[in-house]
Amino acid sequence: MKLVVDANIVISGMITAHGVVGELLLRTYPPLELHGPENLRIEVSKYREKIARAAKLSVDEVAYLEEQVLAPVRIVPDLIVPPATWERAFDLVKSIDEDDVQFIAVAMYLNCPLWTGDKKLRDQGYALALGP
């Protein structure tokens, strides 16, 4: 299954690596075909200390886990998403959360669902309801 993965799903999977989300991210066979926007890694890495506290891991362990979780994610460069797609994505999320435009734009570009734990996006029908 091809999906665009939101940062909150990656973070959730890292905090509970043996939970449902962690299992789907790390141990699904055949593996999910995961995609993410250009700054997904930066977005996730901003929360290393918070993840470390929640998961009761060291920051170094979280960095290692981050690499494991993000390794199979295919990053979609911003420049290959057409400007019209960015505009449509922005129009869809501007009243919800403009920070999610990158995930919606990539999902629209790839014509696949967004896997997110963001209730506002799921409630509006912009995302796959597979989150925590």
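A salt bridge is counted here when a side-chain nitrogen of Lys or Arg lies within 4 Å of a carboxyl oxygen of Asp or Glu. The model is predicted, with local features requiring a pLDDT of at least 70 and side-chain atom pairs a pLDDT of 80 or more, while totals for chains, interfaces and linings use all residues. Residues are numbered from 1 along each chain as its sequence is written, and side-chain values use heavy atoms, with hydrogens and water left out.

Across the whole structure, 5 salt bridges are found. One of them joins the side chains of Arg-41 and Glu-67, at 3.8 Å from N to O. This pair links distant parts of the chain, with Arg-41 in helix α3 (residues 40-45) and Glu-67 in helix α5 (residues 59-70), 26 residues apart. Helices here are DSSP runs of H or I with at least four residues, numbered from the N terminus. Accessibility is given as relative accessible area with a 1.4 Å probe and protein chains only: buried is under 20%, exposed is over 50%, and partly exposed is in between. Arg-41 is partly exposed at 30%, and Glu-67 is also partly exposed, at 41%.

Glu-66 is buried, at 2% relative accessibility, whereas Arg-48 is partly exposed at 27%. A further bridge brings together the side chains of Asp-91 and Lys-94, at 3.7 Å from N to O.

Turning to open space, the largest pocket has a volume of about 250 Å³. A pocket is an open set of points on a 1 Å grid over the protein atoms alone, where a 1.4 Å probe fits, with protein on both sides within 12 Å along at least five of seven lines; lining residues have an atom within 4 Å of a point. The volume is the space filled by probe spheres set on the points, which are joined across faces, edges and corners. Among the lining residues are Asp-6, Tyr-47, Lys-50 and Asp-118. Helices α1 (7-15) and α7 (101-110) each give two or more residues to this lining, and the largest share, 3 residues, comes from α1.

Helix α7 is mostly covered, with 8 of its 10 residues buried. These include Gln-102 and Phe-103, both of which also line the largest pocket. After α7 comes Asn-111, with a positive phi near 55°.
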